[in-house]
Amino acid sequence: MLKAIGLRCEYLENPIGIGEANPRFGWILDSGKRNVVQESYHLQVGMDRDFTDVIWDTGIVRSSESAHVEYAGPELQSSTRYFYRVRITDNYKNESPWSDAAFFETGILDPNIWKARFISPEGDDEGASSKGKLLRKEFKLEGEIEFARVYATALGMYELYINGNRIGEGLLTPGWTDYRKRLQYQTYDVTDLLKDSDNAIGASLGVGWYKGNIGWADRRNVYGNRVGLLLQLLVRYKDGREVTVVSDADWKASDSPILYSELYHGETYDARQEQDGWNMPGFDDKDWSGVWVMDKDLSILVPQDGVLTVRQETLKPVSMFRTPKDELVIDFGQNMSGWVRFKAEGKAGDRVVLKHAEVLDAEGNFYTENLRSAKNRIEYILKGEGMETFEPHFTFQGFRYVLIEEYPGDVDIENFEAVVIHSDMERVGDFSCSNELVNQLHHNILWGLKGNFVDIPTDCPQRDERLGWTGDAQVFMKTACYLKDVRVFFKKWFRDIRAGQLEDGGIPYVIPDVLTETAEDGSVSDNHSATGWGDAAVICPWTLYLTHGDKRILEEQYDSMKAWIEYIRGKAQDGVLWNTGFHYGDWVALDAKEGSYFGATPNDLTATAYYAFSTGILANTARILGKDEDAEEYSRLRESILKAYRDEFFTPNGRLAAPTQTAHILSLMFGLVPEEYKERTIKGLIELLDDNDGHLQTGFLGTPYFCHVLSRNGRLKEAYDLLLKEDYPSWLYQVKMGATTIWEHWDGIKPDGTMWSPDMNSFNHYAYGSIGDWLYGVVAGLDTDPDNPGFKRILMRPQPGGGLTHARAEYKSLYGKIAIKWAIKDGNMVVDVMVPHNTTAHLVLPYADSETIVGDNVQFSPCPGGCQAEIGSGTYSFTYPYNVDNQ
């Protein structure tokens with residue numbers, strides 16, 4: 001039976017508080033047949049679940065579109081729930097019943113609806129304070145409540161309560177944006193929490209990113225020097241009446257039990273200062289103070305356009321031990337981001353003090369030097385009323401190990417658990433193979449994402465940095481798309497990029513930008529716009545388009561992409577050779593000079609290579625969006641850059657002037673090598689690899705493409721050899737050294753157990769995890785067709801090697817589950833695949849002869865390296881003789 005299931009609006013299931021004027025709808029086809037393609041859809045949007053009041057009816061639309069159907073009905077109203085459903089037909093002339101109804105709900109779409117004002121419990125002289133604050137308001141409701149929503153945000157961070165109940169699951173809200181330009185508000189359904197009588201709202205505030213410490217320069221008050229709250233409660237009664245309760249001068253304020261809370265440094269909480277019932281009606285707040293009404297521009301408010309950070313899982317300790325220095329340490333077995341939830345019992349004034357670290361030193365002692373100034377310290381002061389449980393509110397730590405500095409009585413390991421937090425993204429990808437070290441590498445890559453995708457894609461979660469470095473996100477983007485459903489996460493961050501982009505088109509090193517300095521006259525410093533970093537504005541949205549097929553990503557980002565290319569053109573010699581400005585280049589490459597982090601590949605080469613690559617992407621984007629003049633203009637520009645690159649960096653005999661691995665990798669990957677020089681360039685790369693005993697010497701810009709360049713140019717064996725190296729430097733070296741996430745340096749911990757310099761040595765730094773893209777796309781053989789993006793046409797081409805005997809990958813696409821599995825056994829290759837409905841796949845069986853393939857009735861034809869076939873939806877299994885010597 002044909003059905004439409006898994007309905008989504010803007011990639012979310014039954015979202016509330018959305019801000020899109022024309023949201024998109026998607027669904028998955030469910031059928032027991034093979035080769036199913038949708039032939040039509042019929043979508044309705046109505047005001048009730050029974051669809052007695054339909055406001056938009058598409059009628060029957062002949063289309064296979066099932067992922068991005070855009071709403072084109074009457075203008076949506078604020079604070080309104082809409083229901084939608086769909087029915088479909090397929091190529092077998094089957095017609096589905098109407099799907100189950102799903103819904104979406106709008107937020108405040110008209111800024112004039114805001115009646116609330118920002119209020120603050122702090123005066124202008126409290127910029128240095130990191131103390132928590134409480135706010136409260138009592139109000140009376142009379143009547144039967146049908147609908148109640150809270151719309152709230154903060155300058156700082158907030159937690160909300162109604163009648164003593166915590167509202168929502170979000171952490172660190174409202175998240176991090178450039179609060180001067182964009183401030184997200186969150187929407188909460190509180191219908192079931194309100195009473196037809198007296199009610200109370202309570203808010204707990206922390207300094208967060210808004211006024212707390214940011215960056216390694218001990219800066220604070222970057223966006224302002226007072227925390228604040230904005231809240232608007234909308235209540236609709238069943239009799240049609242409507243009332244609002246807003247943040248205003250009538251609220252009351254008090255100090256919080258949170259004596260101190262900072263993202264880098266931790267939290268101090270004195271339970272003796274708790275005020276029972278402070279967030280309940282009837283509480284005596286006569287000793288509370290008034291609030292200041294703040295004059296803030298409400299036009300910067302935007303509905304939540306990313307995903308919330310939430311608690312994801314808990315980890316139990318794997319051991320507790322004494323170090324050689326007699327430190328009592330708990331090992332949670334996994335480097336992670338979050339905090340420790342613990343229980344303790346003692347008398348009032350007793351303390352629990354915890355410190356956090358990623359690793360132990362060579363002697364097995366607790367190691368925190370790499371945290372730099374970040375204290376990562378939690379202190380809880382007991383109130384002395386039996387067993388007490390605590391977890392922090394406005395901070396998080398990056399850690400595996402926890403030092404128990406103080407604790408009342410005997411320490412019971414059962415009283416501790418680690419709470420893992422990160423942005424709420426669904427797991428969509430999985431990979432495994434016959435090599436357990438590679439499986440651990442994949443585990444480490446996944447946990448590197450988990451640890452760093454906390455509202456924004458950060459570089460690291462532990463030291464006094466935790467910034468949205470654009471270069472890190474750029475190199476990891478494709479891998480991230482395989483692992484998690486990052487579409488909504490990056491929608492928010494792309495909007496942050498646009499908000500942070502400079503007037504001349506330059507892109508800050510970090511987004512949100514806290515590094516570019518602005519003078520009183522409005523001029524900005526030159527510390528921005530590095531190659532490979534600024535290119536995130538082009539490469540990241542393009543990659544997301546390829547994996548999701550969503551043109552709106554490109555439409556929204558196009559002006560930013562174009563402005564970045566024009567910025568480079570203005571800085572480049574003759575508009576084509578980018579040989580000016582500061583660049584990180586092939587950051588932390590191993591061919592850097594002693595004491596330097598800058599790789600040996602010349603900056604003008606890496607900059608011009610990326611310039612050509614991004615310009616080509618812009619030309620393709622313009623073509624997709626129907627901007628034909630731009631497409632022609634930027635195609636010509638790329639050709640001019642290409643000529644300049646070849647003239648500058650290739651000798652007349654075809655030798656690449658820069659003798660580094662990364663120079664060869666980028667030249668090959670970005671299509672910059674003249675065809676007649678390609679074989680020599682590949683040979684040169686292999687020679688550089690051999691010169692280092694088969695080891696890489698690459699940094700941030702060269703590493704992501706190394707294995708791709710090798711496997712695409714007939715050097716699959718060398719690619720596998722590189723992947724499977726176990727000694728330093730290599731991916732598996734870190735695994736064998738006990739890593740559970742990806743390190744910032746290839747030798748963050750050296751073979752003798754000593755550390756890289758503590759001034760920059762993160763053990764949770766996902767950039768080198770970009771190899772994950774190659775694991776999925778080449779080892780397992782699962783990728784998307786750039787000409788039919790979003791896995792509408794799937795590329796399935798496993799490329800066995802390296803002695804692996806089996807590998808598998810799964811990916812939950814917008815159309816459903818995709819799976820591929822191959823195994824070599826008893827001289828045969830067995831390949832099993834799953835193709836979701838409404839898609840097709842191009843399958844290549846390596847080293848196969850069409851005459852010897854046994855399995856499903858599929859017509860194969862010869863192709864370079866094996867046999868190929870186009871297959872429709874369904875599950876398939878193929879077996880054929882396989883000679884391992886072919887690898």
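Visitor: How many residues has helix H4, and what distance does the helix reach from its first C-alpha to its last?
Guide: In this predicted model, helix H4 covers residues 487-500. At 1.5 Å a residue the expected reach is 20 Å, and the helix comes close to that. The values asked for are 14 residues and 20 Å.

Visitor: Is H4 largely enclosed by the rest of the structure or exposed?
Guide: Buried means under 20% relative accessible area. In H4, 13 of the 14 residues are buried, so the helix is largely enclosed.

Visitor: Where is Pro174, and what is omega for the bond that joins Thr173 and Pro174?
Guide: Pro174 sits in the loop between strand E14 (165-166) and strand E15 (183-189). Its bond with Thr173 is a cis peptide bond, with omega about 10 degrees.

Visitor: Is Asp326 buried or exposed?
Guide: Asp326 belongs to the loop between strand E25 (319-322) and strand E26 (328-344). Its phi is positive, about 65 degrees, although the residue is not a glycine. Exposed means over 50% relative accessible area. Asp326 has 53% relative accessibility, so it counts as exposed.

Visitor: Which residues gather with Asp691 in a patch of negative charge?
Guide: Asp691 is part of helix H10 (residues 678-691). It counts as exposed because its relative accessibility is 61%. On the surface, the residues that gather with Asp691 in the negative patch are Glu687, Asp690, Asp693 and Asp727.

Conventions: Residues are numbered from 1 along each chain as its sequence is written. This is a predicted model: local features need pLDDT of at least 70, side-chain atom pairs count only at pLDDT 80 or more; totals for chains, interfaces and linings use all residues. Side-chain values use heavy atoms; hydrogens and water are left out. Patches are made of residues with over 30% relative accessible area and no salt bridge: like charges are joined within 9 Å, nonpolar side chains (Val, Leu, Ile, Met, Phe, Trp, Tyr) within 5 Å. Accessible areas come from the Shrake-Rupley method with a 1.4 Å probe; for residues, only the protein chains shown count as cover. A salt bridge is a side-chain nitrogen of Lys or Arg within 4 Å of a carboxyl oxygen of Asp or Glu. Lys and Arg count as positive and Asp and Glu as negative; His and the chain ends are not counted. The place of a charge is taken as NZ of Lys, CZ of Arg, CG of Asp or CD of Glu. Helices (H or I, at least four residues) and strands (E, at least two) are DSSP runs, numbered from the N terminus. Buried means under 20% relative accessible area, exposed over 50%, partly exposed in between (1.4 Å probe, protein chains only). The expected span of a helix is 1.5 Å times one less than its number of residues.
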